Amino acid sequence: MAASLLSRTSSFSLLLLLLLLHASRLACSQSFVGVNYGQVANNLPPPESTAKLLESTMIGKVRLYGADPAIIKALANTGIGIVIGASNGDIPSLASDPNVAGQWVGANILQFYPASNITLVTVGNEVLKSNDENLISQLLPAMQNVQKAITAAGLGGKVRVSSVHAMSLLSQSDPPSSGLFHPSFEGRLRDLLEFQRENGSPLAINPYPFFAYQSDPRPETLAFCLFQPNAGRVDSGTGINYMNMFDAQVDAVYSALKVLGYKDIEIVVAETGWPYNGDSNEVGPSVENAKAYNGNLIAHLRSLVGTPLMPGKSVETYIFALYDEDLKPGPTSERSFGLYRPDLTMTYDIGLAKTPVTPTAPVTPTPKPTRMGWCVPKSGVSDAQLQASLDYACSQKIDCSPIQPGGACFEPNTVASHAAFAMNLYYQTSAKNPWNCDFSQTATLTTNNPSYNGCVYPGGST
């Protein structure tokens with residue numbers, strides 16, 4: 001146990017060094033945090049305004065469902081990674097004629113690249129779920145023709161080709177170690193995965209803990225889905241105690257890939273999110289839940305802790321969605337996923353802005369609280385949760401050397417002790433707002449100085 005903790009703690013110095021080496025990049029964006037930019041709406045702001053909005057955030061990638069030239073052009077020279085899509089309706093012509101694929105690549109990639117940082121083309125959206133055998137049979141040929149056109153243009157390895165799949169691709173996902181693809185999809189999937197392995201492209205999947213909660217609306221399920229404190233769920237196959245639904249769903253996909261012999265295929269989360277509004281008969285939509293899910297998801301990704309089966313690396317994840325799409329059919333929740341309003345203001349704040357956003361004045365003025373004390377872990381929080389908070393805090397350019405071997409705060413060599421020091425240091429070096437001592441609701445403020453022996457915790461009143 002001590003050796004494991006020593007290894008994890010000493011890795012922080014390497015992590016911090018890497019952060020310094022890539023400081024300019026990290027200051028601009030989080031390369032693994034993306035957002036979906038849907039356009040089924042009649043009130044969206046101009047693409048140029050959206051590009052400026054994105055540049056003011058930590059969002060590093062944008063996924064388009066099509067290939068709108070105005071948007072692609074507006075994102076030129078921003079450094080933001082762009083995923084473009086060929087629709088399901090494009091698949092038959094792309095599959096049947098390589099020349100059509102060449103024209104598509106020329107019109108949607110070559111005229112913009114490299115100023116517009118196009119990184120991935122998704123051919124089709126949830127095609128296997130469509131049950132359209134004709135369309136399903138044409139998916140791989142369409143992907144192959146697009147890839148050949150990209151390679152012929154000299155962009156092989158720079159612009160990858162994939163397709164996006166629903167979680168219903170899995171026939172089994174609980175526990176995560178038992179993940180299996182549906183037998184009816186297995187043959188097609190093997191061919192697709194072989195193509196993706198040959199070309200280094202990812203499997204794109206759409207996990208939604210929101211829908212898992214709708215089918216199991218217990219309080220403990222909500223906490224599990226929102227990355228909030230909970231007892232966790234033990235995987236009977238591995239003994240791993242999963243602390244959130246997102247990791248469980250992603251690892252189920254990994255397990256399914258492993259069964260087929262393709263565990264080396266990268267997984268990309270093409271869509272995930274939580275609606276902030278819904279109809280009276282819908283379970284789960286609310287601003288509070290949406291803020292908790294998306295905010296805690298981003299903190300989880302930034303911690304770089306990864307998932308239990310894929311540790312130490314954050315899965316590239318696209319949050320749904322940048323804006324509401326007011327023309328979408330269905331329940332109110334379908335039109336209520338937007339992180340931003342059409343006037344470019346936040347629907348709710350989840351810490352995406354590069355600079356702190358000035359909060360709007362409350363209806364009833366409240367006195368400014370005295371910011372005092374120290375930020376420490378709440379009682380009863382598991383080591384797994386504290387490790388994630390520790391990883392996140394030490395990835396935010398604070399000095400975690402005191403909790404490394406030989407440091408003044410290394411002993412006692414426990415996750416709880418190291419997390420307490422790191423969480424407090426992060427809080428003290430931030431704006432010291434209450435939300436800076438939240439850590440997915442695993443921390444709290446105290447007036448009791450936690451310093452001990454030669455280990456000094458900065459803090460007090462300001």
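**Disulfides and helix packing**

The model is predicted, so local features need pLDDT of at least 70 and side-chain atom pairs count only at pLDDT 80 or more, while totals for chains, interfaces and linings use all residues. Residues are numbered from 1 along each chain as its sequence is written, and side-chain values use heavy atoms, with hydrogens and water left out.

Three disulfides (pairs of cysteine sulfur atoms within 2.5 Å) are present in the structure. With bonded cysteines counted along the chain, their pattern is 1-5, 2-3, 4-6. One of the disulfides joins Cys 375 to Cys 437, with an S to S distance of 2.1 Å. The torsion about the S-S bond of Cys 375 and Cys 437 is about 90°, and this disulfide is therefore right-handed. The pair links distant parts of the chain, 62 residues apart. Cys 375 lies in strand E15 (residues 374-377), whereas Cys 437 lies in the loop between helix H14 (415-429) and strand E16 (443-446). Helices (H or I, at least four residues) and strands (E, at least two) are DSSP runs, numbered from the N terminus.

A disulfide is also formed by Cys 394 and Cys 400, whose sulfur atoms are 2.0 Å apart. The torsion about the S-S bond of Cys 394 and Cys 400 is -100°, and the link is left-handed. Cys 394 counts as buried because its relative accessibility is 0%. Cys 400 has a relative accessible area of 0% and is therefore buried.

Cys 409 and Cys 455 are joined by a disulfide with an S to S distance of 1.9 Å. Because the torsion about the S-S bond of Cys 409 and Cys 455 is about 105°, this disulfide is right-handed. The pair connects distant parts of the chain, 46 residues apart: Cys 409 is in the loop between helix H13 (383-394) and H14, and Cys 455 is in the segment after E16. Cys 409 is buried, with a relative accessible area of 2%, and Cys 455 is buried at 0%. Cys 225 likewise counts as buried, at 0% relative accessibility.

The axes of helix H6 (residues 98-110) and helix H7 (residues 133-152) come within 8 Å and cross at roughly 60°. Axes are lines fitted to C-alpha atoms, for helices over the stretch in contact, and angles run from 0 to 180 degrees between N-to-C directions. H6 and H7 are therefore oblique to each other; angles under 35 degrees count as roughly parallel, over 145 as roughly antiparallel, 65 to 115 as roughly perpendicular and the rest as oblique. The crossing of H6 and H7 is right-handed (the near helix is turned clockwise from the far one by less than a right angle). On the H6 side the contact (heavy atoms within 4.5 Å) involves Pro 98, Ala 101, Gly 102, Val 105 and Ile 109, and on the H7 side Asn 145, Val 146, Ala 149 and Ile 150.

H7 and helix H8 (residues 183-199) pack at an angle of about 10°, their axes being 11 Å apart. H7 is thus roughly parallel to H8. The H7 residues that meet H8 include Glu 133, Ile 136, Leu 140 and Met 143. Among their H8 counterparts are Arg 188, Asp 191, Leu 192 and Phe 195.

Notes: Buried < 20%, exposed > 50% of the residue type's maximum accessible area, 1.4 Å probe, protein only.
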